[in-house]
Amino acid sequence: VACLSVYGLLAYRVYRGMRDKGVSGSDARLYAVHCVAAKIPQMLGVLQFQINSLRGKPTTIIEHRSAR
């Protein structure tokens, strides 16, 4: 429950920050929700890195374009 309240607080802070910059309420809400939703894959990547580090597995870099 505490974890969800932290995400709620983060969403509210992002929302308020965007509103203070003059962004409309609906756009600020949408932006805040997406910012908070992006934390999930970020957290999974950090967890995967930590687990692989503990297991002694090397990390690999993902290349999105071919190297020349």
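Reply: Asp-27 is partly exposed, with a relative accessible area of 44%. On this scale buried means under 20% relative accessible area and exposed over 50%, with partly exposed in between; the probe is 1.4 Å and only protein chains are considered. The model is a predicted one, in which local features need pLDDT of at least 70 and side-chain atom pairs count only at pLDDT 80 or more, while totals for chains, interfaces and linings use all residues. Residues are numbered from 1 along each chain as its sequence is written, and side-chain values use heavy atoms, leaving out hydrogens and water.

Asp-27 belongs to helix 2. Helices here are DSSP runs of H or I with at least four residues, strands are runs of E with at least two, and numbering starts at the N terminus. Along the chain, Asp-27 and Tyr-15 are 12 residues apart, and their C-alpha atoms are separated by 8.9 Å.

Two packed helices are described by the angle between their axes and the distance between the axes. The axes are lines fitted to C-alpha atoms, for helices over the stretch in contact, and the angles run from 0 to 180 degrees between N-to-C directions. Helix 1 (residues 2–20) and helix 2 (residues 25–37) have axes that come within 8 Å and cross at roughly 140 degrees. Helix 1 is therefore oblique to helix 2; angles under 35 degrees count as roughly parallel, over 145 as roughly antiparallel, 65 to 115 as roughly perpendicular, and the rest as oblique.

Contact means heavy atoms within 4.5 Å. By class, the residues of this contact are 11 nonpolar, 1 polar and 2 charged. Ala, Val, Leu, Ile, Met, Phe, Trp, Tyr, Cys and Pro count as nonpolar, Asp, Glu, Lys and Arg as charged, and the others, Gly among them, as polar.

Leu-10, in helix 1, is partly exposed at 30% relative accessibility. Not counting residues up to four places away in sequence, Leu-10 touches Val-36 and Lys-39.

Cys-35, Val-36 and Ala-37 of helix 2 meet Lys-39, Ile-40 and Pro-41 of helix 3. That contact has 5 nonpolar, no polar and 1 charged residues. Gln-50, in helix 3, is partly exposed at 42% relative accessibility, and its C-alpha atom is 37 Å from that of Ser-26.

Overall, the protein has 3 helices and 0 strands. Its radius of gyration is 17 Å, well over the 11 Å that the globule rule gives for 68 residues, so the protein is more spread out than a compact globule. The radius is taken over C-alpha atoms, and the rule is 2.2 Å times the number of residues to the power 0.38. Buried residues make up 13% of the 68.
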